[in-house]
Amino acid sequence: MGSKSNRSRRYTEEFKRDAVALVRSSGKTVTEVAREIGVSAEGLRNWVKQDAIDRGQGAPGELTSTERAELRRLRRQNREQAETIEVLRKAAVFFAKESDR
């Protein structure tokens, strides 16, 4: 049985790269390699799949790691700008009421 802390563990990009390389070069299954290095088979399978996408071997429409990072950045920026607009809107309403007095 795995502990809860293992499921939320973060791995470095270097570790992920090395794990994917081990799967590709060893001739072992993803499950065997995952067991050997102490990660979940599903997580390692996802890393292998993302590596294939990043190398141009994914299905049409699948995002590369770079594209995913850009999408996250743009969504965060969009959220921050929406919050700024809301603050400015509230300030404009406040000052409009103040000037009417």
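This is a predicted model: local features need pLDDT of at least 70, side-chain atom pairs count only at pLDDT 80 or more; totals for chains, interfaces and linings use all residues.
Leaving aside residues up to four places away in sequence, Gln 50 touches Leu 63, Thr 64, Ser 65 and Arg 68. Gln 57, by contrast, lies in the loop between helix 4 and helix 5 (65–100), and its relative accessible area of 52% makes it exposed. The side chain of Gln 57 makes a polar contact of 3.5 Å with the side chain of Arg 55, a residue that is also linked with Arg 24 and Asp 51 in a network of salt bridges.

The count of salt bridges in the model comes to 7. One of them joins Lys 28 to Glu 36, with the closest N and O atoms 2.6 Å apart; Lys 28 is partly exposed at 36% relative accessibility, and Glu 36 is partly exposed at 49%.

Two further pairs lie within helices. In helix 2 (residues 13–26), Glu 13 and Lys 16 are 3 residues apart and therefore separated by about one helical turn, and they form a salt bridge whose closest N and O atoms are 3.7 Å apart. Glu 13 counts as exposed at 52% relative accessibility, whereas Lys 16, at 23%, counts as partly exposed. In helix 5, Arg 73 and Glu 70 are likewise 3 residues apart, so that about one helical turn separates them, and their salt bridge brings the closest N and O atoms to 2.9 Å. Arg 73 is partly exposed, with a relative accessible area of 37%, and Glu 70 counts as partly exposed at 37%.

Note on methods. Residues are numbered from 1 along each chain as its sequence is written. Side-chain values use heavy atoms; hydrogens and water are left out. Contact means heavy atoms within 4.5 Å. Helices (H or I, at least four residues) and strands (E, at least two) are DSSP runs, numbered from the N terminus. Buried means under 20% relative accessible area, exposed over 50%, partly exposed in between (1.4 Å probe, protein chains only). A polar contact is a pair of N or O atoms within 3.5 Å; within protein, one must be able to donate a hydrogen and the other to accept it, and residues adjacent in sequence count only if both atoms are side-chain atoms. A salt bridge is a side-chain nitrogen of Lys or Arg within 4 Å of a carboxyl oxygen of Asp or Glu.
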